[in-house]
Amino acid sequence: MRHPLSTGAGILCAFLICQGALAEAYPAKPVRVIVPFAAGGTFDLVARVVSQRLTEIWEQQVVVDNRPGGATIIATEMTVKAAPDGYTIFLSPNALAANPALHKTLPYDTRRDLKPVVLIAAQPMALGTHPSFKANSVKDVVEMAKGKPGLLSYGTAGIGSGGHLAGEIFKSMAGIEITHISYKGGNVAMMDVVSNQIPLVMTGLPNLLPLHRAGKIRILGITSAKRSPVAEQIPSISETVQGYDFKNWFGFVVPAKTPTILIKKINSAVNKVLDSGDTRQKLVALGFDVYGGSSTEFENIVKSDTEKFSNVIRKAGIVAR
């Protein structure tokens, strides 16, 4: 009669062999990266830079799939419902940490249904306006908003997006009221500023910098505590609103039941991409902070920011509409 321990050891050995074979074969077909915003924005840009390099490393096509709308919930739910086989990856913004507090119900449980893989980068947001707009500084915007509460409006990539959170926190700390307008992407909102349809936009600094340099948009301030090394002439909002600081992070997330060995393989490949000089330099030059690191580190950031954003959203009275 076979000893129970030897049977258990055999099962474990077979499992490990299967897991090893799974990792060895991955990826055996194209991989999809879901982006929760429209093509042409900063998220799309990062997704395509990283996906192109992963395509080279894996020798399999890594395809960007833009699924904007629904406060990123549409794209997140698609990820949750996807097969946990490593072939569907979500480029998640920090709306992942904000949405549980913004929405009374979600079609998924963030902690139960999703697994963070790797933090890729973060970007300060930027407050931009049309060059003809009367406000020439953040201070001017604050004074205008206090003089006529609710008259000004600002566009973002949507409810719960980095621009929305950054804008609402700015409003709360500055003691002003500006109407929020939700778009399907920060690049869509900024084009309405370029055409003078709305007065203000809050979106990623890398989104606005080219238009700022071309004279089509004027950036009034950025959301990080200090000025950006790629745009040192632009003041930070904290120079007017003391203590203000916000950055929008994004990283790869997969369905929770994805095998750990595949999560490690994706994490390793992305870290390899981010450690390569040309990729890192390209993203830094565009205004991104580049990270990488372990899945545990990213998981801890999601957890801590979920608590932080919950407090911010409750204090600011932000409501998803």
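**Close-up 1. Helices α2 and α10 sit roughly perpendicular to each other in this predicted model.** Two packed helices get described by the angle between their axes and the distance between those axes. Here, α2 (residues 42-58) and α10 (residues 260-275) pack at about 115 degrees, with their axes 10 Å apart. Axes are lines fitted to C-alpha atoms, for helices over the stretch in contact, and angles run from 0 to 180 degrees between N-to-C directions. On that scale, under 35 degrees is roughly parallel, over 145 roughly antiparallel, 65 to 115 roughly perpendicular, and the rest oblique. Helices (H or I, at least four residues) and strands (E, at least two) are DSSP runs, numbered from the N terminus. The numbering of residues starts from 1 along each chain as its sequence is written, side-chain values use heavy atoms, and hydrogens and water are left out. As the model is predicted, local features need pLDDT of at least 70 and side-chain atom pairs count only at pLDDT 80 or more, while totals for chains, interfaces and linings use all residues.

**Close-up 2. Which residues of α2 and α10 make the contact?** From α2 come Val-50, Arg-53, Leu-54, Ile-57 and Trp-58, and from α10 come Ile-266, Ala-269, Val-270, Lys-272 and Val-273 (contact means heavy atoms within 4.5 Å). Sorted by class, that's eight nonpolar, no polar and two charged residues. Ala, Val, Leu, Ile, Met, Phe, Trp, Tyr, Cys and Pro count as nonpolar, Asp, Glu, Lys and Arg as charged, and the others, Gly among them, as polar.

**Close-up 3. The largest pocket has a volume of about 360 Å³.** Ile-169, Asp-245, Phe-246, Lys-308 and Val-312 are the closest to its centre, out of 20 lining residues. Two or more lining residues come from each of α7 (162-174), β9 (247-255) and α12 (295-316), and α12 gives the most, with six. The lining has ten nonpolar, five polar and five charged residues. On a 1 Å grid over the protein atoms alone, a pocket is an open set of points with protein on both sides within 12 Å along at least five of seven lines, a cavity is a set where a 1.4 Å probe fits but cannot get out, and lining residues have an atom within 4 Å of a point. Points are joined across faces, edges and corners, and a volume is the space filled by probe spheres set on them.

**Close-up 4. The largest cavity holds about 130 Å³ of space.** Of its 19 lining residues, Thr-42, Phe-43, Ala-157, Gly-186 and Thr-203 are the closest to the centre. Helix α2 turns up again here, giving the most to this lining, with three residues. By class, the cavity lining has five nonpolar, 13 polar and one charged residues.
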